[in-house]
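Dear colleague,

Please find below the structure for your records.

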Amino acid sequence: MSKIQPRLLRTEDAAEYCGGLSISSFLSEVAPHCRKLNPAGRRVAWLRDDLDKWIDWLAGLNVKEAEPAAPMTRGLTLDDLP
């Protein structure tokens with residue numbers, strides 16, 4: 001049986017997903033460019049798609065949604081970004 005891959009990651013897991021970053025490095029370098037979600041009003045979660053876009057940007061791929069000049073915040077969609 002295959003294991004389900006979550007779309008939302010806790011901060012610790014998101015930091016690990018982004019190359020094993022420390023939580024403080026994740027929060028200062030990655031988090032400002034991703035949507036911060038609070039599913040069911042509980043702990044913070046990060047959308048895997050946003051993390052993938054940040055990684056693509058870091059790799060030099062042309063992904064405008066993850067550019068540092070255009071941080072993603074709750075309430076915006078990726079279509080709203082310049």
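How many disulfides does the structure hold? The structure holds zero disulfides, a disulfide being a pair of cysteine sulfur atoms within 2.5 Å. The sulfur of C18 has its closest cysteine sulfur in C34, at 6.7 Å, which is too far for a bond. Both cysteines are buried, with a relative accessibility of 9% for C18 and of 3% for C34. Here, buried means under 20% relative accessible area, exposed means over 50%, and partly exposed lies in between (1.4 Å probe, protein chains only).

Please note that this is a predicted model, in which local features need pLDDT of at least 70 and side-chain atom pairs count only at pLDDT 80 or more, while totals for chains, interfaces and linings use all residues. Residues are numbered from 1 along each chain as its sequence is written, and side-chain values use heavy atoms, with hydrogens and water left out.

Overall architecture

The protein has three helices and three strands, and its elements run β-α-α-β-β-α from the N terminus on. Helices (H or I, at least four residues) and strands (E, at least two) are DSSP runs, numbered from the N terminus. Of the 82 residues of the protein, 30% count as buried. The protein exposes about 5500 Å², and carbon and sulfur atoms supply 53% of this area; accessible areas come from the Shrake-Rupley method with a 1.4 Å probe, and for residues only the protein chains shown count as cover. Among contacts with a separation of 6 or more, 48% are accounted for by residues 24 or more positions apart, where contact means heavy atoms within 4.5 Å.

Salt bridges

Side chains of opposite charge can pair when their charged atoms come close. A salt bridge is taken as a side-chain nitrogen of Lys or Arg within 4 Å of a carboxyl oxygen of Asp or Glu, and by this rule the count comes to three.

One of them joins the side chains of R7 and D49, at 2.9 Å from N to O. R7 lies in the segment before β1 (8-10) and D49 in helix α3 (residues 48-58), so this pair ties together parts that are 42 residues apart in sequence. R7 is exposed, at a relative accessible area of 52%, whereas D49 is partly exposed, at 32%.

Another salt bridge is formed by the side chains of R35 and D50, with an N to O distance of 2.7 Å. Since R35 lies in the loop between α2 and β2 and D50 lies in helix α3, the pair ties together parts that are 15 residues apart in sequence. Both R35 and D50 are buried.

The side chains of R10 and D13 also meet in a salt bridge, at 3.0 Å from N to O. Both partners are partly exposed: R10 has a relative accessible area of 37%, and D13 has a relative accessibility of 32%.

The position of H33

H33 is placed in the loop between α2 (23-30) and β2 (36-37). With 11% relative accessibility, H33 counts as buried. H33 and W54 are 21 residues apart in sequence, and their C-alpha atoms are 7.2 Å apart in space.

With kind regards
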